Structures are given as structure tokens and as C-alpha cells.
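Colleague: Hi! I'm new to this one, could you walk me through it?
Modeller: Happy to, let's have a look together.

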Amino acid sequence: MKRTTISLLATAAALAAVTGVAALTAPDGGAATDAKAPARLPVERSSLLCPAPSSSEVAETGYTSFTPAGTAGDAKDGTAELKPSTAVLADPDTAPKKDDATTKDGAKKGDAAKGAKKPAPGKPVLALKEPGKPVAAKAEGGDAPALVGTATGRLAPGWTTQQTTTVTAGGSRGLLGLSCTGPDTDFWFPGASTAEDRQDYVHLTNPDDTAAVADIELYGKDGALKTTLTEGIPVPAGSSVPVLLSTLTAAEPAADVTVHVTTRTGRVGAAVRAADDKAGSDWLTASADPSGIAVLPGIPADATSVRLVAFAPGDDDADLKVQLAGTGGRITPAGHETLHVKSGMTASVDLLDVTKGEAGSLILSPSQSGRATPVVAALRVVRGKGDKQEVAYIPATAPVGARATAADNRAKGSTLSLTAPGATAQVKVTASVGTQGGTQVVKTYTVKAGTTLAVTPPVPAGLKGSYALTVETESGGPVHASRTLALPQDGISMFTVQTLPDDRGTVAVPDAEQDLSVLDD
């Protein structure tokens, strides 16, 4: 008999880099002996999905793709490309009915973009070449497709893409922005609506080579809304399916709805495009996973209306303490100290102009210590008044963690909001080179415990084009962050807010060697 030592690290590392999960156990099922703390290695593959940006023919969409430099480990090569989905499948019964936009010249919808070029099937819309240098692309009109893409090798860790759309007229008017998401099997969207003055579509995009089947559940203030669906929603391979929420239920229109998207088979990317007849439109992205504490960062100082929507998906009701973290610490909004959220029901409250001219972030926590009931939450934020209103959405978000990135920042118009709900923290913010030129700039910020720090972020020296902002936690407690991009149009304070959760660019891999005894014949 001969005793042979076999290293399982390489196998574990390969598994973790692709799937994000790795585990080692001893042959008898027990824990491996002398196990070291898990090392963190760069992921080797990332996927992103961008929904079809708009149905308006006057829409102008920009894409910016970026991978932070210096985190690829030993990887020397790699690709990162976003390509058009094979099709956007729309049910005629769920097609937009209110978007009768005209161009600035008064031409009917469809005339403005007749000459716009559609991307060729299979040809990349965006192709990133190297870490640390963002790339950009543009699309025009209402025919721009959903995009699906994969990054590998040195371009995979922290790969992010921003989709920003400007629509200057019609029912979908607004600045619509989102960070393209990875595929998953479970999403929560508090803050959607089936009201008559809203047109909210959930976009389901399948990145894989096999079909996916998704279920959509809607919850109002009295519980689940009776659905008209008898089967799941098929999402063919490589395709994107928009579904108008109001067509999924025969119940009375509901102002505040929580949407739950799950898949029976396969994976999808999911996002809600919410359009308000008066306040314009923007993307509502998924809330962070249900948690006893929720942080919603980046309410603008000049917000004229803030509406909180929360949902408790478990069996227990949630009693939440509502606090605003401003520049000087936490305060409790007068008259809105707590929020009771019944199990399986959507709760909402108008916080009005809660910021009172001072940027802040909302923090939800248990009213009683030791009774943390998981919730999901989002804010509907309005700037401006009357016919000059503009809406954006801020979902609860996970901390920045090791690193997070927001792409598509301009020389003017970006605001970075950093919130430390616990201990004081220090973060490093890196402004990348521009898509067309410029020099990287790095700045460090200290965020005091219980406060929100809203800053104009650093801008690359000699900037040409747009650039990416990367936030890294250096010390202290967790930091939650968001980036607001403001692009005023014709007196309307158009804006969009993207949260910055950890980019999951690395994965924990056990550093272990396992002794295996083998019989040598």
C-alpha cells in the first residue's frame, strides 16, 4: 500500500470560479482537517443581461461597459461581449397602448428613427478589450433589442455595463438607467403598480441555450392578486419577453404592488420598466434579498416626493423603524416613525419631501430588538412639480463589500451617495479613464457612522467621453452606495439612480490538501 497526497485546490478553484460555490470534505463525510481560511480567487466567467431599453421611437440609448483593473489574478486573456438577443417576443395584448410620442419636430412616432441602424444578429454591440478602460456604444429608436453577454478570463471579475436611455416625449418620457444584471431564479420588485396611470412591464431575458419558464406573482395591500395565468411564462433560449403587469390580474388596479419573479426551469434576468403618465419613467431593479435590515441609499436633496413600499415574504409580520441617515446622523421622519408590514401584503407610506433639502438614505430596522423579520423594499422618488416631474426608483441594496462599480458617468451630473449604517468606514473611489481619453483619478472618503455622504465624485483629468466609478471598502463597517445621474432636459430634472452592491468579482475557495490512501497493485 502506498499513501499519496492529492491536492484538491485546483479542482475546487475551477468549480468556484465558474459557479461561485466550492466545498471540500473528508472521504468519510466529515470536515477536512487543518483547513485554512478560504482564499478569494477571481471569477473566470460572468454573465450580464440588458433589457430592451424602450418602445419609444425617439429614445436614445447609450451603453458603457467596464471591468476594473488589477483583479484578474493570473488570467492573461479574456473576452467581454454583449450581443442582441435573438428576439423580443411581445404579446399583442400586452403591447404599449399609451406611447404616442412625437419628435421635437412634431413627426409621428416611428418617423424619427426610420434610418436608425439595427445591430446585425450575432454581432457584438459592445466588446471590451482590456480591464480599466471602458467602452461605449449607442442605439436609437424603439427597436433596440435586449442584450445578452458573457465575460471570461481577465475581463470577468467585476464586469459591469450601464444602460442609459433618454426619452424626451410621450408616455415613456424620462431618463431610464440600470446596471445590466446577471441571470438568477428569484427576484423581488416592491414599488411596481397596476394603476391606470401606470404602464409597468417586467422584462424577462434568457441568456442560455435552453428555454426557461418563469412565474410572476403580484401582491397588493390585501395580499396576493388573483392571476390570469394558468401556466408559467415561456422565455425561449436567447430571447427577451416583456409582460405588462396589469394584464396578469383581473383584480382592481393597485397603486402599489410587489412583484415576485421565479423560474420553474432555467434562469432569466428580470427588471421592471415603470412608466407614469405624469412623472415619466425609469427602471425598477430588484430589491436585495429579504433581510431584517434594509438600506436604501441616495435620496436626492431636492426630492419633492418619496414613497416607501415594503413587503414581508415570510410567515411573520414586520414592525419596522423608519430612519433617514443624513449628513449629521439618523433622524426619524415626523409622523412616520414606524411601518407595520403584514405577512404577504404590500405596505406603503408617503414620506413626502423627507430630505428637507439634505441628501440622505433610508434605513429600515426592527422596531424591537431580537425580532428581525425579513423584508424587501424600494423607494419611488420624484423631483420637480406639476408637468416638470421626473421619477426614479431606489431598491434596498446589499453593501458595497470589497468592490462595486457604476459605469456611464459624465463630466457633470453624477452624485455618489455613501451610507454607513453601522460603524464609520473608509472607502476608496477610483474614476477610470474615459471612453475616449483621460487619466485615472483616485480619492478616499470617510463615511461617519449613521450618516450619508453625498459627493460629486472625482472626474478623470482630461476626460473625453464617459467613465466608470469604482468604490472599494478599505476599513470600518459596511457601506451602502448609489450613483445618481442627472441630465436635465427642457426644464425637467431628469435623473436615474443605480445602487452599487458588491460585484462578486471574487469567490471564496478553500485552501486545503486532502490525504487519500490508494491501493497500489
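This is a predicted model: local features need pLDDT of at least 70, side-chain atom pairs count only at pLDDT 80 or more; totals for chains, interfaces and linings use all residues.

Colleague: Nice. Which residue in β34 is the bridge partner of V427?
Modeller: That's Y445.

Colleague: And what about β32 and strand β37, in which sense do they pair?
Modeller: Antiparallel, over seven bridges, with β37 covering residues 467-476.

Colleague: How many of the seven residues of β32 are buried?
Modeller: Five of them, so the strand is mostly covered; buried here means under 20% relative accessible area.

Colleague: Switching topic: how many salt bridges does the count come to?
Modeller: The count is 15. Among them is R267 with D208, whose closest N and O atoms are 2.7 Å apart. That pair links distant parts of the chain, 59 residues apart: R267 sits in the loop between β18 (257-265) and β19 (269-276), and D208 in the loop between β13 and β14 (212-220).

Colleague: Why do R267 and D208 count as partly exposed?
Modeller: Partly exposed is the range between the buried limit of 20% and the exposed limit of 50%. R267 is in that range because its relative accessibility is 32%, and D208 because its relative accessible area is 21%.

Colleague: What does R383 form a salt bridge with?
Modeller: With D302, and the closest N and O atoms are 2.8 Å apart. R383 is in strand β28 (residues 376-383), while D302 is in the loop between β21 (294-299) and β22 (303-311), 81 residues apart.

Colleague: Is R383 buried or exposed?
Modeller: R383 is buried, because its relative accessible area is 13%. Its partner D302 is partly exposed at 40%.

Colleague: Last one: which residues form the negative surface patch?
Modeller: E196, D197, E252 and D277. E196 lies in the loop between β12 (186-192) and β13 (198-205), and it is exposed because its relative accessible area is 65%.

Methods: Residues are numbered from 1 along each chain as its sequence is written. Side-chain values use heavy atoms; hydrogens and water are left out. Buried means under 20% relative accessible area, exposed over 50%, partly exposed in between (1.4 Å probe, protein chains only). Helices (H or I, at least four residues) and strands (E, at least two) are DSSP runs, numbered from the N terminus. Two strands pair if DSSP finds at least two bridges between them. Patches are made of residues with over 30% relative accessible area and no salt bridge: like charges are joined within 9 Å, nonpolar side chains (Val, Leu, Ile, Met, Phe, Trp, Tyr) within 5 Å. Accessible areas come from the Shrake-Rupley method with a 1.4 Å probe; for residues, only the protein chains shown count as cover. A salt bridge is a side-chain nitrogen of Lys or Arg within 4 Å of a carboxyl oxygen of Asp or Glu. Lys and Arg count as positive and Asp and Glu as negative; His and the chain ends are not counted. The place of a charge is taken as NZ of Lys, CZ of Arg, CG of Asp or CD of Glu.
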